[in-house]
Amino acid sequence: MDEPDWRRFITAYHQEHAGITEQLFSLADTSPYAWLAEPLRAVEGTVLDLACGSAPTRQELPDADWVGVDLSAAELAEAARQGRGPLLRAAADALPAASASVGAVCAAMCLPVVTPLPQTLGEIRRVLRPGGVLAALVPSQSGLSPSGMLGWVRVMAALRAVRQPWPNPQARDGLPALLRTAGFRVRRDERHVFTLAIDSAGAAALLADALYLPGLTTHRAQAAKRSLARWATPGRRLELPLRRVVAELPIEQQSQETT
C-alpha cells in the first residue's frame, strides 16, 4: 500500500474507530500508558503528545503542561468528550509548535503508522528543546512465550492475515537504531509483555477491529469475530509485547540545527 492509500485508510479507520487503541489497552493487566508516562513525570516544560488519539496519556500526566496533537477530528472529539486537553488538530509532520519549545514528546503507538516517518522525526527533533526527551511506545515482535505465539497465530488465522502491513515496520523493534540514525541519544530501551483479557465476544470483536488491517473486508471481519468469540473463553489471555524507548535530543545536536 503506497503512502496516499495508507493515509486514506488511516483517516477512515480513526473516523470509524475513535479511541479503539485505548479501549483495547483497557483489557491489559496493567496500563501500557502508565508505563509510557513514567519517564515523563519529572520533565520540565511542555509535554507534546504526538498523534494523541483519544489522549489516554493525559490522565497519566495530570500535573504536566500537556498538549495533545492529532490529525483525526474524530479522535480529538473523543478526547474532548472525556475532558482531556488542551488539544490541537495537526499532522505529525507539521507540528504547531515553535522550534526548541517543548520539554518532551510522547509518542504512544504511533511511530509505526504515521507517514511520512522521516519528516515526523524531523519535526520531533525541531520542536524539542536542547536535552528534550522523546518517550515512545511501540509494538514488539519479540518476547512472546510459545503459548503467546500460538495465541497470535490463532488471531491472525481468524483474520486471514499474515502480518500487519504497517508503513514503518522499522519503527517497532528497530526503533532504537532508527532514532540514533535520526540524531537522538537513546537512554532506555525496555520491553514488557502485557496480557490482554480476551475472555468475551466483545473483547474478541475489539481485538479484531484494533489491528489496522487495510485489506480486511466487512465479511471477513465478521467471520473472524465469530471465530474469535468461540475462542474467547473465560480466563483467555493474549500476550502483548510492547517496547518503551526513551531518547533525548543531544544539546550539541540542537545547537547545530539552530545555528
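**Sheet, cores and salt bridges**

R185 stands opposite E248 in β7. The model is predicted. It contains an open sheet of 7 strands with mixed pairing, and a search of the whole structure finds 17 salt bridges.

**Sheet**
- The strand order is β3-β2-β1-β4-β5-β7-β6.
- β3 (87-89) and β6 (185-197) each have a single partner strand and stand at the edges, so one side of each lacks a neighbour in the sheet.
- From one strand to the next, the twist averages 20°.
- β6 and β7 (residues 237-248) run antiparallel and are joined by 12 bridges.
- Helix α4 (residues 73-81) lies across β2 (65-70) and β3, at about 170° to β3.

**Nonpolar cores**
- The largest nonpolar core has 55 residues, and V155 and I198 have the most contacts inside it.
- Beyond its neighbours within four places in sequence, V155 is in contact with L207, L211, L228, W231 and L238.
- Another core, of 31 residues, lies apart from it and includes A136, A171, L175 and A182.

**Salt bridges**
- R244 and E38 form a salt bridge (3.1 Å, N to O). R244 lies in strand β7 and E38 in the loop between α3 (32-37) and β1 (46-50), so the pair ties together parts 206 residues apart in sequence.
- R244 is buried, at 3% relative accessible area, whereas E38 is partly exposed, at 36%.
- R188 forms a salt bridge with E190, with the closest N and O atoms 3.5 Å apart.
- E38, R188, E190 and R244 are linked in a network of salt bridges.
- R237 forms a salt bridge with D199, the closest N and O atoms being 3.9 Å apart. R237 lies in strand β7 and D199 in the loop between β6 and α8 (201-209), so this pair ties together parts 38 residues apart in sequence.

Note on methods: Residues numbered from 1 in each chain as written. Predicted model: local features only at pLDDT ≥ 70, side-chain atom pairs only at ≥ 80, totals over all residues. Heavy atoms only, no water. Pairing = 2+ DSSP bridges. Helix = DSSP H or I, 4+ residues; strand = E, 2+ residues; numbered from the N terminus. Axes fitted to C-alpha atoms, helices over the stretch in contact; angles between N-to-C directions. Contact = heavy atoms within 4.5 Å. Core = buried A, V, L, I, M, F, W, Y, C linked by side-chain atoms within 4.5 Å. Buried < 20%, exposed > 50% of the residue type's maximum accessible area, 1.4 Å probe, protein only. Salt bridge = Lys/Arg side-chain N within 4 Å of Asp/Glu carboxyl O.
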